[in-house]
Each structure stands twice: as structure tokens, then as C-alpha cells.
Amino acid sequence: MNNQTIRTSVPALDKTVRVCNYLFSSPGATFSQIQQDLDLPKSSTSSLLNALVEHHLLRQERGRFFLGLKLYEWGNRSLEQFDISKVARPVLEKLRDSTDLICHLGILDEVAPIYILKLESTQPIGIRTWVGKKLPLHSSGVGKALCAWLPQDVIDTLLPEETLPRFTQTTITRKSDLIQEFALIRERGWAFDNAEDSPGIYCIAAPVFNQTREVIAAISISGVEIQIPKEKIEYYSTLVLDACQELSAKLKYI
């Protein structure tokens, strides 16, 4: 477990970080497990956990504690301030030049994927997207690549209903089916939008990982069927994976 004991001049902050680190490794822990494993006083630990839940840094469900979505919000804002798009631009330029397809970089912004970088192709067939466009989690390549590696409790928070909105004839409309799709995505390393979000538009996307193997962004290529024919999907997926691995490596050394 990631519970290094770092002591500063602010003990309450030290305890907060220890609790968050503990729940990062042991999601769903009970009060007793947290208090005993971290060797914390009962009374102050109860007050601390309640305060963290009030501030949405933690979430409590049936007596068990999980990291709250406020931490994802902060993490995503940190990425924006870091401006990952500057680091990613040359990687996406290489991918765009090798595929001549529209390339996107996306992150999870609170509860929705959002494009933070777009590079156009030279082909006359265009796709109407833009930086700042928000996407569905369940029907976009970027959304599926960002979500497939999330803990189940976070997925349940982001997608609380079993029935999902339908946008095209191929949209996945049941969360249970989407969970199976996520397993396939993790196995092969990349996601495919089979015209699930917009009719006739296809997308291949893969995740960008940080040093702790958390997904912090996704890279995608998009096009119509003539641009991404079935026989080229596997080939294009290797190029997208290569781009994601290159960006992941760059971020580790910055």
C-alpha cells in the first residue's frame, strides 16, 4: 500500500494525505480498517473522515469509504494548468502525418471527456469537432479509453444507470455491455468507436498513463469508413498505441 509516513508541521494534513493514499490502494475500506491499519486515534479519525466526505474528497457508501470525485476534478485541473497539450502536440503531429487523419487529445473533465487538442488532416473529408467539445463517456473512443481503467466504483458514479443514451444504431445502451467492452479494451490496449457517437464516424483511441499507471489522457484518430476501413483498424491501432506510449514516456521525465 502507498502509505509512506511523511511528517510535516501540519499533522491534520499529514493524516488526510495518509487516508487518501490508503484509499487509493484499498478502496472501500471501513472506518475500522482505516483507523487500525493507519494506527490513528478513533475520535479524531471519525471527525476527519466525516469532514473529508463533507468536502467531497471522500465518498461514503454503506459504511465504506472511497476517494471522492473532487480529487478527479483537481487532478484534471492540474493537468490543464500543466498544459499537457504542449507536450503532446509533437506526438500528435507525428501520428497525424503517419495516418493523415484528424487527431485528438482528450482528458476527463469532472464527469465528461473533453478535447483539449485537435490536429486537422489534409484530406478533404472533415469532421466537425473542436477543442473544448465534451463527449459522451460510453459512445466515444476517447471516453471509453479514459474510463476503461477506472475503478468500478468511479464508473458507477459517472454512469449510475444501467440504460445509456442511444445516438446511433451501434451505440452501446446497457452499462453491463459497456463493462464487458471495457474489459476488452484493457486486454487489447485501445478503444474503438464503431460509429457509436455519430453516424458514419469511426474512432480509434488509447490511454496515456502517468508514472503510477493511472490514465490521465487519451489520444485518438477519427475518420469516415473510407478513411478507417476495417482492414486498416489493427494497423492504425498500433500507431495510436505507439503515440500514447511515447507521450506517457515524455510525461514521466518532465
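Guide: What follows is a set of questions about the terms used for this predicted model.

Visitor: What makes the contact between Glu61 and Arg59 a salt bridge?

Guide: A salt bridge needs a side-chain nitrogen of Lys or Arg within 4 Å of a carboxyl oxygen of Asp or Glu. The closest N and O atoms of Glu61 and Arg59 are 2.6 Å apart, so the pair meets the rule.

Visitor: How many salt bridges are there by this rule?

Guide: The count comes to twelve salt bridges. Among them is the one between Glu61 and Arg62, at 3.2 Å from N to O.

Visitor: Which residues are joined with Glu61 into one network?

Guide: Salt bridges that share partners connect Arg59, Glu61, Arg62 and Asp153.

Visitor: Why is Glu61 called partly exposed?

Guide: The limits are under 20% for buried and over 50% for exposed, with partly exposed in between. Glu61 has 32% relative accessibility, so it is partly exposed. Arg59, at 21%, is also partly exposed.

Visitor: How do you know that Arg62 is exposed?

Guide: Its relative accessibility is 77%, and exposed means over 50%. Arg62 lies in the loop between strands E2 and E3 (64–67). Its phi is near 50°, a positive value in a residue other than glycine.

Visitor: What is the phi of His56, and where is His56 found?

Guide: The phi of His56 is near 65°, again positive in a residue other than glycine. His56 is in the loop between helix H3 (42–54) and strand E2 (58–61). With a relative accessible area of 53%, His56 is exposed, because the limit is over 50%.

Visitor: What makes the pair of Lys144 and Glu196 a salt bridge?

Guide: The closest N and O atoms of Lys144 and Glu196 are 3.0 Å apart, and the rule asks for within 4 Å. Lys144 belongs to helix H6 (residues 141–147), while Glu196 is in the loop between strand E6 (191–194) and strand E7 (201–209), so the bridge ties together parts that are 52 residues apart in sequence. Both Lys144 and Glu196 are buried.

Visitor: How do you know that the span of helix H8 agrees with its number of residues?

Guide: H8 covers residues 175–188, which is 14 residues. The expected span is 1.5 Å times one less than the number of residues, which gives 20 Å for H8. The end C-alpha atoms of H8 are 20 Å apart, so the two agree.

Visitor: What is the result for helix H9?

Guide: H9 (residues 233–252) has 20 residues and should span 28 Å; its end C-alpha atoms are 29 Å apart, which agrees. Buried residues of H9 include Ile233, Tyr236, Val240 and Leu247.

Visitor: Which residues of H8 are buried?

Guide: In H8 the buried residues include Lys175, Leu178, Glu181, Phe182 and Ile185. They cover an arc of only 110° around the axis, which puts them on the same side of H8. An α-helix has 3.6 residues a turn, so residues three or four places apart point the same way. Gln180 and Glu187, on the other side of H8, are exposed.

Visitor: What covers the buried residues of H8?

Guide: The cover includes H6, helix H7 (152–158) and E6. After H8 comes Gly189, with a positive phi near 95°.

Visitor: What makes E6 and E7 a pair of strands?

Guide: Two strands pair if there are at least two bridges between them. Four bridges join E6 to E7, so they count as a pair; E6 and E7 run antiparallel. E6 and E7 form a hairpin with six residues between them.

Visitor: Why is E6 called an edge strand?

Guide: The open sheet has five strands in the order E5-E4-E8-E7-E6, paired antiparallel. Strand E5 (112–119) and E6 are the edge strands, each pairing on one side only. From one strand to the next the twist averages 25°.

Visitor: How many bridges pair E4 with E5?

Guide: Strand E4 (residues 102–109) and E5 pair over seven bridges, in the antiparallel sense. Helix H5 (residues 84–99) lies across E4, E5 and strand E8 (215–224), at about 65° to E5.

Conventions
Residues are numbered from 1 along each chain as its sequence is written. This is a predicted model: local features need pLDDT of at least 70, side-chain atom pairs count only at pLDDT 80 or more; totals for chains, interfaces and linings use all residues. Side-chain values use heavy atoms; hydrogens and water are left out. Buried means under 20% relative accessible area, exposed over 50%, partly exposed in between (1.4 Å probe, protein chains only). Helices (H or I, at least four residues) and strands (E, at least two) are DSSP runs, numbered from the N terminus. The arc is that of the directions from the helix axis to the C-beta atoms. Contact means heavy atoms within 4.5 Å. Axes are lines fitted to C-alpha atoms, for helices over the stretch in contact, and angles run from 0 to 180 degrees between N-to-C directions.
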